[in-house]
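Colleague: Could you walk me through the labels you put on this one? I'd like to see how each value meets its cut-off.

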Amino acid sequence: MKKNISTYILSAVTLLSSCADLDQSSISSIDKDNFYQNESDIKVALNGVYQVLTDGSMNGPWNDELIFLNDLQSEYARRGTANSADITEIGNFAITPTNAFVETAWLYRYKAINRANILIDKVAENNSIGEKERNNYIRSAKFLRALYYFDLVRLFGDVPLVLHDGEGEGEPRTSKDIVYEQIVADLTEAEQITADFPKLSSEASSLAASGLLSKVYITWAQTDSEYSLAHKSDLYQKAISAADKVINSGKYHLIDKFIDNWSLDKKEGPELIFTVEHKFGINRNVTGHCVFSTGFTNTKLPVIAAINNDLYDNFDPNDQRRDASVTVRLFDPSQGEYFDFERLRFRKYIDTLYMANESAPYISGQNTSSSVLRYAEVLLVKAEAENELNGPTSSAYEALNAIRRRAYWSPYDNSQNQPTDGTTLELSGLSKEQFRDALQTERFKEFILEGNRWFDLKRWHHLVKTIKQHVPADDLKYKNITTRNYYLPLPEEQIVLNPKLEQNWGYAGETSGDPYAALGWD
């Protein structure tokens with residue numbers, strides 16, 4: 001373990017935050033004991049923690065990894081024409097402990113965590129800058145450490161909790177409840193980041209910490225761990241309280257035009273709470289390539305393809321999220337006319353502004369930002385937590401209906417459309433179960449290809465059932481899915497390095513003792 005998570009120190013090219021132009025500085029061969037001498041050093045070190053979000057040419061968490069690990073493990077996406085065995089494994093629910101995405105999901109996050117740990121400890125000892133600035137850097141690092149651990153605990157379950165450089169060697173997995181406690185502690189402290197410190201949505205902020213906390217609390221409440229089973233109501237209430245901090249701040253709101261959340265000229269939109277900035281040539285959004293790797297052709301599929309065109313028909317024609325999320329037609333600027341696809345394309349990361357640039361080396365949206373947290377999700381977390389705690393309250397309806405009103409709003413003529421099937425736009429009079437179903441439907445439609453779907457199906461405990469209901473029976477996804485797919489396998493390399501790391505159930509040939517079935521998960 002120590003080999004992989006305690007010796008990394010800022011050895012890659014680091015991105016310095018700027019929406020207009022991403023600068024870069026080489027910071028290899030840094031001596032961590034003699035670094036952190038001034039604020040410039042600390043800023044570079046913090047950027048090194050951010051940098052891991054887009055580490056590597058493909059497998060960085062928000063280059064495309066979380067899209068592959070989430071959306072490819074859903075009922076609506078499959079591997080297209082990619083010749084990668086690792087992507088094929090993920091898309092077919094045949095993932096193995098040697099899968100490259102499994103290995104980098106673990107390694108990259110622990111690399112970032114170790115960078116954060118070093119920064120937190122070193123800056124705490126540094127009196128060369130003022131207390132306010134010192135605390136802001138520490139709290140920003142804790143926000144990122146919490147984000148990386150939140151990924152790890154959802155991907156793998158129990159994981160080693162390492163909070164200081166040099167720790168972790170030979171340690172067993174830490175209970176997920178203890179990991180969640182640390183995530184909450186880090187984000188609670190990050191809520192104290194001062195308002196003048198972050199300048200961009202791609203930087204940690206107090207409200208980003210509150211928004212992420214709301215998501216952490218509702219996820220923890222639904223893990224069926226020892227603590228969550230005993231404190232479910234308390235965790236739901238804390239999710240509501242954290243969401244209310246964001247909602248009541250007045251800083252964020254839903255934008256009229258849904259697709260603008262992925263527009264190059266609107267990267268700092270009022271719906272975007274925390275994003276990952278991409279720029280081609282530095283840290284390109286590989287998802288933007290994978291959704292449109294074929295260009296305008298019907299002879300082959302892109303890397304990330306839809307199971308079938310049913311996904312398009314799942315949306316009401318008046319729901320603006322349909323054509324913003326998936327499309328069967330795009331304007332081809334090279335031909336000056338529309339092109340019709342036989343198999344739909346995922347739309348959010350196809351950058352039409354970039355496509356219209358004749359000198360652009362790629363036609364896909366590799367400059368589009370990745371949305372880690374949008375205001376829409378905070379509203380849906382509040383609605384869900386309210387319903388689970390108290391049933392469909394008025395505040396739960398208001399949060400959910402705000403999402404529906406925007407979905408059926410026409411930004412082109414500023415008019416409020418209605419569902420074409422005759423159902424009401426504003427939901428009311430639902431039972432707790434009916435409201436839960438309606439909310440889960442809205443989350444499905446809202447977050448297509450945003451790295452949420454597998455996490456959602458897991459926390460709702462109906463991953464296998466959903467796949468079986470919506471994937472054709474002759475598809476390998478249908479044939480291979482089992483409850484073992486509630487978590488990824490631990491990387492084989494890590495278990496070899498540290499035999500105390502026990503493999504997740506189902507990845508070592510087990511045929512009995514299913515812990516997920518015992519909890520009633522299906």
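Colleague: What makes the pair of Glu 377 and Arg 443 a polar contact?

Modeller: The side chains of Glu 377 and Arg 443 come to 2.9 Å. A polar contact is a pair of N or O atoms within 3.5 Å, where within protein one must be able to donate a hydrogen and the other to accept it, and residues adjacent in sequence count only if both atoms are side-chain atoms. Before we go on: this is a predicted model, in which local features need pLDDT of at least 70 and side-chain atom pairs count only at pLDDT 80 or more, while totals for chains, interfaces and linings use all residues. Residues are numbered from 1 along each chain as its sequence is written, and side-chain values use heavy atoms, with hydrogens and water left out.

Colleague: Is Glu 377 buried or exposed, and how do you know?

Modeller: Buried means under 20% relative accessible area, exposed over 50%, and partly exposed in between (1.4 Å probe, protein chains only). Glu 377 has 2% relative accessibility, so it counts as buried. It is found in helix α15, residues 375-390; helices (H or I, at least four residues) and strands (E, at least two) are DSSP runs, numbered from the N terminus. Leaving aside neighbours within four places in sequence, Glu 377 is in contact (heavy atoms within 4.5 Å) with Lys 215, Val 372, Arg 443, Phe 447 and Asn 452.

Colleague: Why is the pair of Phe 292 and Phe 296 called edge-to-face?

Modeller: Rings of Phe, Tyr and Trp (its six-membered ring) pair if their centres lie within 6.5 Å; planes under 30 degrees apart count as stacked, over 60 as edge-to-face and the rest as tilted. The count by this rule comes to 26 aromatic pairs. In the pair of Phe 292 and Phe 296, the centres are 5.3 Å apart and the planes are at 85°, so the label is edge-to-face. Both Phe 292 and Phe 296 are buried.

Colleague: And why is the pair of Tyr 486 and Trp 521 called tilted?

Modeller: There the ring centres are 4.9 Å apart and the planes are at 50°, so the pair is tilted. This pair links distant parts of the chain, 35 residues apart: Tyr 486 is in the loop between α20 (476-480) and α21 (492-497), and Trp 521 is in the segment after α22 (515-518). Tyr 486 and Trp 521 are both buried. Ring pairs also join Tyr 486, Tyr 487, Trp 505, Tyr 516 and Trp 521 into a cluster.

Colleague: What makes you say that the charged end of Arg 154 sits over the ring of Phe 455?

Modeller: The rule asks for NZ of Lys or CZ of Arg within 6 Å of the ring centre and within 35 degrees of the ring normal. The charged end of Arg 154 is 3.9 Å from the centre of the Phe 455 ring, and sits over it. Likewise, the charged end of Lys 458 sits over the ring of Tyr 487, 4.0 Å from its centre.

Colleague: What makes Asp 158 and Lys 176 a salt bridge?

Modeller: A salt bridge is a side-chain nitrogen of Lys or Arg within 4 Å of a carboxyl oxygen of Asp or Glu. Asp 158 and Lys 176 meet at 3.3 Å, N to O. Asp 158 lies in the loop between α6 and α7 (176-190) and Lys 176 in helix α7, so the pair ties together parts that are 18 residues apart in sequence. Asp 158 counts as partly exposed at 26%, whereas Lys 176 is buried at 17%.

Colleague: How many salt bridges does the rule give?

Modeller: The count comes to 35. One of them joins Glu 388 and Arg 436 at 2.8 Å, N to O. Glu 388 is in helix α15 and Arg 436 in helix α17 (residues 432-446), 48 residues apart.
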